[in-house]
Amino acid sequence: MNKRQFAVMSELGEMLSLNRFRELCDCLEFNKLVRMEIFLRDLSKIPEWTKKLNLNFTVSDNSFTLTKDKGMENWSSLLNYCSVEHREAMRLVYFHSDKEFCEIAKNLDTKNDDLNLGLLLNYPKCCIESYLQWQKNKENTDPITSITDSIPFIDQLNNYHFPNPFSRYFGSGLYSHFPCSINCYETKKIAQNSLNNLQVNFPIIADKILHLENSFVIFQQEKGVCLWSNFDSIANKIQLDKYSIHSQGELKSIFEKVNLIEISQAKLKLFSNSEVETIFKTNGCFIGTFINIVNPKKLIK
């Protein structure tokens with residue numbers, strides 16, 4: 001990344017979400033193809049900053065709108081075609097240093113060739129195949145369920161030394177694909193490279209991402225997701241900083257005031273100010289902590 005690119009990215013860092021900023025950094029540093037959904041009203045801004053970044057781009061022919069997932073407030077797993085007049089219309093935009101890569105990606109997307117598009121986007125082949133299998137079955141709207149359904153919560157808290165796949169719900173994350181498992185080596189490698197790049201060039205952004213990476217997560221399909229960036233777990237109890245919660249959906253109203261959780265078989269006892277608030281049944285829940293072991297000196301206390 002040259003000085004001019006660094007200056008432009010520093011400006012964009014004030015405007016872009018963490019995940020989009022990270023994607024653009026990957027595009028520049030690793031010469032990776034990137035695809036983003038961008039509102040039609042914002043397309044006019046792209047030529048100016050892509051020129052400064054020495055990037056090319058291609059815009060999809062069709063317009064889309066996002067359909068909010070059931071149980072979520074600000075998350076969509078699906079795109080639906082819409083007219084250009086729709087106030088929330090957006091286009092898929094492909095970024096790369098080589099214009100031809102952008103055009104190829106656009107054509108693959110138009111053909112719904114997710115295998116070759118995923119490979120062009122440098123997603124791990126194992127994760128692409130897992131995504132294609134999810135498409136074939138498609139029992140749930142959100143592809144994350146291919147992971148959560150395979151490791152349901154029973155009666156103990158699991159700890160995962162893996163880049164957090166749930167931070168994506170809050171505009172963060174260290175990778176753009178859906179991992180095939182919670183142990184995918186290729187996903188870990190991609191996430192580590194992205195983080196290393198950010199820590200060298202934009203350490204403040206890296207710290208913000210790590211703040212969400214290392215967290216306690218509760219996810220329940222069609223009821224939402226909660227993530228606490230500040231917590232402490234001892235035996236069957238999880239002490240929570242209720243001010244560190246990030247949440248969406250029905251779970252938000254259930255957990256937003258909780259500062260202590262006690263695991264009791266397949267149930268959670270929820271406490272607020274040391275008083276029992278309610279009993280939460282964990283049916284269909286994913287519950288776990290993510291500790292992304294990466295340069296511990298960079299972790300926010």
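Thr145 sits in helix α7, which spans residues 145–148. In this predicted model, Thr145 has 3% relative accessibility and therefore counts as buried.

**Surroundings of Thr145**
- A polar atom of the Thr145 side chain lies 2.6 Å from the backbone oxygen of Asp142.
- Apart from neighbours within four places in sequence, Thr145 is in contact with Trp134, Asn140 and Gln221.
- Thr145 falls under the 20% limit for a buried residue, because its relative accessibility is 3%.

**Buried face of helix α9**
- Helix α9 covers residues 203–213, and its buried residues are Ile205, Ala206, Ile209, Leu210, Leu212 and Glu213.
- Viewed down the axis of α9, these buried residues fall within an arc of 160°, so they line one face of the helix.
- An α-helix has 3.6 residues a turn, so residues three or four places apart point the same way.

**Nonpolar surface patch**
- Leu115, Leu119 and Leu132 make a nonpolar surface patch of about 200 Å².
- Leu115 belongs to helix α5, residues 114–120.
- With 32% relative accessibility, Leu115 counts as partly exposed.

Definitions and conventions:
Residues numbered from 1 in each chain as written. Predicted model: local features only at pLDDT ≥ 70, side-chain atom pairs only at ≥ 80, totals over all residues. Heavy atoms only, no water. Patch = residues over 30% accessible without salt bridge, like charges linked within 9 Å, V, L, I, M, F, W, Y side chains within 5 Å. Areas by Shrake-Rupley, 256 points an atom, 1.4 Å probe, with all protein chains shown as cover. Salt bridge = Lys/Arg side-chain N within 4 Å of Asp/Glu carboxyl O. Helix = DSSP H or I, 4+ residues; strand = E, 2+ residues; numbered from the N terminus. Buried < 20%, exposed > 50% of the residue type's maximum accessible area, 1.4 Å probe, protein only. Polar contact = N/O pair within 3.5 Å; in protein donor to acceptor, adjacent residues only side chain to side chain. Contact = heavy atoms within 4.5 Å. Arc of directions from axis to C-beta.
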